[in-house]
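Please look at the sequence and the structure shown here before reading on. The report that follows goes from the arrangement of the copies to the details of a helix packing.

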There are 2 protein chains.
Amino acid sequence: MEEKKMVSEITSMDEDFAQWYTDVVKKAELIGYTSVKGCMVIKPAGFAIWELIRGQLDERFKETGVENVYLPMFIPESLLQKEKDHVEGFAPEVAWVTHGGLQPLQERLCVRPTSETLFCDFYKDDVHSYRDLPRVYNQWCSVVRWEKETRPFLRSREFLWQEGHTAHATAEEAEECTIRMLNLYADFCEQVLAIPVIKGRKTDKEKFAGAVATYTIEALMHDGKALQSGTSHNFGDGFARAFGIQFADKDNTLKYVHQTSWGMTTRLIGAIIMVHGDNEGLVLPPKVAPVQVCVIPIQQKKEGILDKAYELRDRLKKVCRVKVDDSEKTPGWKFAEAEMRGYPLRLEIGPKDMEAGKCVLCRRDTREKTEVMLEDLEETVTKLLETIQRDMLERARAHRDRHTSLAVNMAEFEKIFNEKTGFVKAMWCGRQECEDIIKEKLSVTSRCIPFEQEHIADTCVCCGKPAAKMVYWGKAY
Amino acid sequence: MEEKKMVSEITSMDEDFAQWYTDVVKKAELIGYTSVKGCMVIKPAGFAIWELIRGQLDERFKETGVENVYLPMFIPESLLQKEKDHVEGFAPEVAWVTHGGLQPLQERLCVRPTSETLFCDFYKDDVHSYRDLPRVYNQWCSVVRWEKETRPFLRSREFLWQEGHTAHATAEEAEECTIRMLNLYADFCEQVLAIPVIKGRKTDKEKFAGAVATYTIEALMHDGKALQSGTSHNFGDGFARAFGIQFADKDNTLKYVHQTSWGMTTRLIGAIIMVHGDNEGLVLPPKVAPVQVCVIPIQQKKEGILDKAYELRDRLKKVCRVKVDDSEKTPGWKFAEAEMRGYPLRLEIGPKDMEAGKCVLCRRDTREKTEVMLEDLEETVTKLLETIQRDMLERARAHRDRHTSLAVNMAEFEKIFNEKTGFVKAMWCGRQECEDIIKEKLSVTSRCIPFEQEHIADTCVCCGKPAAKMVYWGKAY
């Protein structure tokens, strides 16, 4: 059967998770390829998810007073070099423009890998007085990092993101902003993407180039690997000193501003796929599903069926995003396609249903079917979408908890990662040496020092010296 | 007085229109500068206008079935070269990336000046059958053109835009799409931006590199110069042949697709400034005003005044975009600032108004003041915003009509442009020679061959040979 064939073309996730991911991304028509190596095309089904992410995240930003701006995509080399740690972190992976039109440039420009230096260059002339602070600016744009190995959504040479860049009068305000944005990210992931996250601080080894502190949210994928899903950095006054961003404070003295930056990217689409997907394809949380209900007419050539399908669509339009699949394909094919694309609800309507004044709703996440009287349709759909959203978060949380272990020494640590992947909570002395050893021996990195600390042991899991912090460890994308 | 000073810092538009424009752009805080030559920062007040343009234009796109996508920003040199006319048009003004990370690239990449070649490269593998057509894709992104002389919004090395790229089974469908999008643009300019436009076709001399036909909407600025405000191109099957984009048609033969592209840019913000602005600054049409009503409390330190201002804001929030200026500045300063920023309505509320249960509304476009009973506030504001939107379009139309003349020979043509600028309608024989002569003698270009033709004379305004078409001519930005 045709519909079987379509589904069977996806590799099973237990057999080869990486191949399953690639298959889903392709069969659900999220991305396409061009001749541009390491870059991808985000096709309509993929971009519509990004539009829903962007819209809802932007709304949350604006509620907290964030203002959107747009800065140039080019950074003169001398500007990139102003902050020492920052240039060391990014220079090896930027694309360089050397010619404009037919002429060589006097100074080469890199395509922004991130825009700290541009925002600093801008704030330097735009901020004069404490009255100009805080500046809480954000931009939605694409950035470029010259990666060697790329994977759709997870790592590509160009990707879409938002980058917030703020300037504050005091260190306290900057720290407060860094944490506020991290909390906003965590809440967004849980409430909108149905992805539970661990909030914490990066170790010095893992922090952003130029930051005093990097905070992160870490999510666990279905295969047990971790995905850094959003970061928020506190720069202190380091960039301000490098760029000379000073303001006249209330006490009439010149002071340096304190800065932060924070970002989330199209990588979130990769997270949605790897947290919620299954062997039939994509499973979208209702809040980011471009189509929430797909109406599939059964025996659509029979009189009245298609009209009924359109009528139900028009009714449902008022409460959700809905479409009718009125193509010439068989219902079986349409079912498989709707599953592949991850639509949260499928609505089946055939001659018998119509006669009985009802229809069938089938949940994508559980495959559960419900018969619904047509007069209750809007109410049932609204409730079901809410239930699916909630259940998906709970299932993801349960999966993560099942894949989170404790280790008190290297033997335990090793044993866990020989058997499975996941998060491991273990104590750490605070020295980079131990992180390096753990990475070398187990290919595992520190994901974060979680805000919610637990006391698991008195000693470092690696060296046995007194422990300073509990850390989440994992293999990461 | 402080507030006078702020206003007097703008050059009068009659004295020096170009300087007036620069002053408005800067004092209304639409743009800022960085060290990146020829590029600009779009500040919050400017970007908020772009967000309103983008949102409303995108909504209209989606109503006609347009789907959004995202394609890479880089174009390999070999890809740019595939269509001969296209590369000739764009190669002299692109930025070239020659290094990725620390390595020189095997093939250099240009930063997209426009994405026809990328869409073709993508459609080549994505379109197989007539069932895959039409493809009506659009992307919102930035593009780069290495301009020598730049002006904020009007011409910069990087600018924001949308670019639609479509593929169709037949020539008729492609032409139909080209015209549909042009009409959508014209309607958007008139209904949303309050800018009347002339719809027509570009002469061969002025058409897009690689197009069979370019259609345009042309607007007249306050200084009498024309601004090309949106274009829609029909490519026939030229690109399809160059890139090999074929599909199996219903009759089972392989055919080339027919393609179109169409775009509008941040240049529209320049048009809004130059069509509606006055000597007090920006004047925003309500539909693209980030703040539609600015509430200014008078004697705000008096008890109850600020609370009343907030109460009115909270009521108005339900019907419009509103803010309270509760800063420490004097009311006079606030008035001047609200005018500079172009807020359509200013609401004044002071102790006497409060006592009388009323407030004062002042229109930005006409300066007209109205006393309003507070109980009628929402209704009055809603109606006034609609009136302002309509009146602004009518005023712009009247201005354009006053600055549109007829010429039947070169003497008349010359006389008009010696006295003033504006649109001139004149007959044309259809030969590029005459366009060249007119450009050389009068610094005037053909703006478009309007869809609404008029018979002004039998002969070409330049050579006196039989006329083929009536053309709009003008000096252009």
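## How the two copies are related

Chain B is superposed on chain A by a rotation of 180 degrees with 0.0 Å of shift along its axis, with an RMSD of 0.0 Å, where the superposition is made by least squares on the C-alpha atoms of residues with pLDDT of at least 70 in both copies. The two copies are thus related as by a two-fold rotation axis. Among the residues of chain B, B:Val97 comes closest to that axis, its C-alpha lying at 2.1 Å.

This is a predicted model, in which local features need pLDDT of at least 70 and side-chain atom pairs count only at pLDDT 80 or more, while totals for chains, interfaces and linings use all residues. Residues are numbered from 1 along each chain as its sequence is written, and chains are lettered from A and ligands numbered from 1 in the order in which they are written.

## The surface between the chains

The contact takes 41 residues from chain B and 41 residues from chain A, two residues being in contact if their C-beta atoms, placed from the backbone, lie within 7 Å. Several elements of chain B each supply at least two residues of the side that touches chain A, including α3 (44-63), β5 (95-100), α6 (116-126) and β8 (158-168); helices (H or I, at least four residues) and strands (E, at least two) are DSSP runs, numbered from the N terminus. The strand β5(B) gives the most to this side, with 6 residues.

The residues of the side of chain B that touches chain A divide into 25 nonpolar, 9 polar and 7 charged, where Ala, Val, Leu, Ile, Met, Phe, Trp, Tyr, Cys and Pro count as nonpolar, Asp, Glu, Lys and Arg as charged, and the others, Gly among them, as polar. Because 100% of the interface residues of chain B are also interface residues in chain A, the copies meet through the same surface.

## A helix pair within chain A

Helix α10 (residues 305-316) of chain A and helix α13 (residues 377-402) of chain A pack at an angle of about 60 degrees, their axes being 10 Å apart; axes are lines fitted to C-alpha atoms, for helices over the stretch in contact, and angles run from 0 to 180 degrees between N-to-C directions. The contact is made by A:Leu312, A:Arg315 and A:Leu316 of α10(A), together with A:Leu377, A:Glu378 and A:Val381 of α13(A). These contact residues of α10(A) and α13(A) divide into 4 nonpolar, no polar and 2 charged.
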